[in-house]
Amino acid sequence: MGIQVRGRLTTLRPADAGDVERLVAWHADPEVSRYWDDETFTIAEMEERLARGDVEAWIVEEHGEPIGYLQVHPDGLDMFLVPFARGGGLGPDAARAMTEHLIHERGRDRVTVDPYAWNEGAVRAWERAGFVEVSRHEADAEHTAPWILMEYRG
Ligand SMILES: CC(C)(COP(=O)(O)OP(=O)(O)OC[C@H]1O[C@@H](n2cnc3c(N)ncnc32)[C@H](O)[C@@H]1OP(=O)(O)O)[C@@H](O)C(=O)NCCC(=O)NCCS
């Protein structure tokens, strides 16, 4: 067993080759892709994504069962849970655990998230995880709609 990051309700482990089919299937669900710029991926594309040098891919687990995906990029985090796992505080738990790990174990001094302004549920989830709004922005090269920069304050 490699590194794990433990929250109170969830555990995170690095995604590996054994997760490729699961991640392709998760992204193919419209209830996931609609929060992910409608992106879906083939097996080969997902293998490439998992090999990115600047983005870490993590699987969120509850009681040992995979329930979501969290990625760590140079600035911060992106995350989704599968639909049945949402609404119970598991996302904020995983996000807080990973952020504390990045700050205390990896020496990061700043962790941010960039939810779309329309995604009010996600904004509330990030607030529960300890993030606060820093600024609002228009759509740009990396965002298809207005978005909110939020930073972890613990
Ligand atoms: C954002 C997300 C990771 C938060 O994790 P979570 O464990 O659901 O977080 P919470 O339990 O705090 O719930 C957050 C909000 O999700 C919404 N929610 C609740 N149940 C839901 C469900 N079954 N399906 C979709 N959204 C739901 C609610 O608006 C809730 O906020 P509220 O209780 O204040 O109304 C998760 O809801 C998710 O995967 N959403 C879709 C993907 C997404 O938006 N990712 C973030 C992109 S920035």
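# Close-up views of a predicted model

**View 1. The open five-stranded sheet.** Five strands, paired in the antiparallel sense, make up an open sheet in the order S1-S2-S3-S4-S5. The edge strands, each pairing on one side only, are strand S1 (5–6) and S5. Strands (E, at least two residues) and helices (H or I, at least four residues) are DSSP runs numbered from the N terminus, and two strands pair if DSSP finds at least two bridges between them. The structure is a predicted model, in which local features need pLDDT of at least 70 and side-chain atom pairs count only at pLDDT 80 or more, while totals for chains, interfaces and linings use all residues. Residues are numbered from 1 along each chain as its sequence is written.

**View 2. Pairing of S2, S3 and S4.** Strand S2 (residues 11–14) is joined to strand S3 (residues 56–62) by four bridges in the antiparallel sense. Within S3, Trp-58 is the residue opposite Pro-14. S3 also pairs with S4, again in the antiparallel sense, over seven bridges. Here Glu-56 has Val-72 of S4 opposite.

**View 3. The hairpin of S3 and S4, with His-63.** Two residues lie between the strands of this hairpin, and His-63 takes a positive phi near 50 degrees. His-63 belongs to the loop between S3 and strand S4 (65–72). Most residues other than glycine have a negative phi. His-63 is exposed, with 8 C-beta neighbours inside 10 Å. A residue counts as exposed if 12 or fewer other C-beta atoms, placed from the backbone, lie within 10 Å of its own, as buried if there are 20 or more, and as partly exposed in between.

View 4. S4 and S5 pair in the antiparallel sense over five bridges, and four residues lie between them in the hairpin. Tyr-69 has Phe-80 as its bridge partner in S5. The loop between S4 and S5 contains His-73, which is partly exposed, with 13 other C-beta atoms within 10 Å. Neighbours within four places in sequence aside, His-73 is in contact with Asp-54 and Val-55; contact requires the C-beta atoms, placed from the backbone, to lie within 7 Å. His-73 and Thr-112 are 39 residues apart in sequence, and their C-alpha atoms are 9.7 Å apart.

**View 5. Strands S6, S7 and S8.** Strand S8 (residues 147–152) pairs with strand S6 (residues 112–113) in the antiparallel sense over two bridges. Thr-112 has Glu-151 as its bridge partner in S8. S8 also runs antiparallel to strand S7 (residues 131–137), to which six bridges join it. Tyr-152 of S8 stands opposite Phe-131.

**View 6. The largest nonpolar core.** This core has 32 residues, and those with the most contacts inside it are Leu-12, Val-60, Leu-70, Ala-94 and Met-98. Helix H1 (20–28), S3, S4, S5, H4, H5 and S8 each supply at least two of its residues, and H4 contributes the largest share, six residues. A nonpolar core is a set of buried Ala, Val, Leu, Ile, Met, Phe, Trp, Tyr and Cys residues joined through C-beta atoms within 7 Å. Apart from neighbours within four places in sequence, the contacts of Leu-12 include Val-60, Leu-70, Ala-94 and Met-98.

View 7. Leu-23, Trp-26 and His-27 are buried in H1. The buried residues of H1 fall within an arc of 95 degrees when seen down the helix axis, so they line one face; the arc is that of the directions from the axis to the C-beta atoms. Exposed residues Glu-21 and Ala-28 are carried on the face turned away from the buried side of H1. H2, H3 and S4 are among the elements that cover the buried residues of H1.

**View 8. Asp-38 in the loop between H2 and H3.** Asp-38 is placed between helix H2 (30–33) and helix H3 (43–50). Its phi is positive, near 60 degrees, in a residue other than glycine. Asp-38 is exposed, with 10 other C-beta atoms within 10 Å.

**View 9. The shell around the ligand.** Of the 19 residues around the ligand, Tyr-35, Gly-87, Gly-91, Gly-121 and Ala-125 come nearest; a residue is near a molecule if its C-beta atom, placed from the backbone, lies within 6 Å of it. Strand S5 (77–81), helix H4 (90–104) and helix H5 (120–129) each supply at least two residues of this shell, and H5 gives the most, with five. By class, the shell has ten nonpolar, six polar and three charged residues. Ala, Val, Leu, Ile, Met, Phe, Trp, Tyr, Cys and Pro count as nonpolar, Asp, Glu, Lys and Arg as charged, and the others, including Gly, as polar.

Conventions: Contact = placed C-beta atoms within 7 Å.
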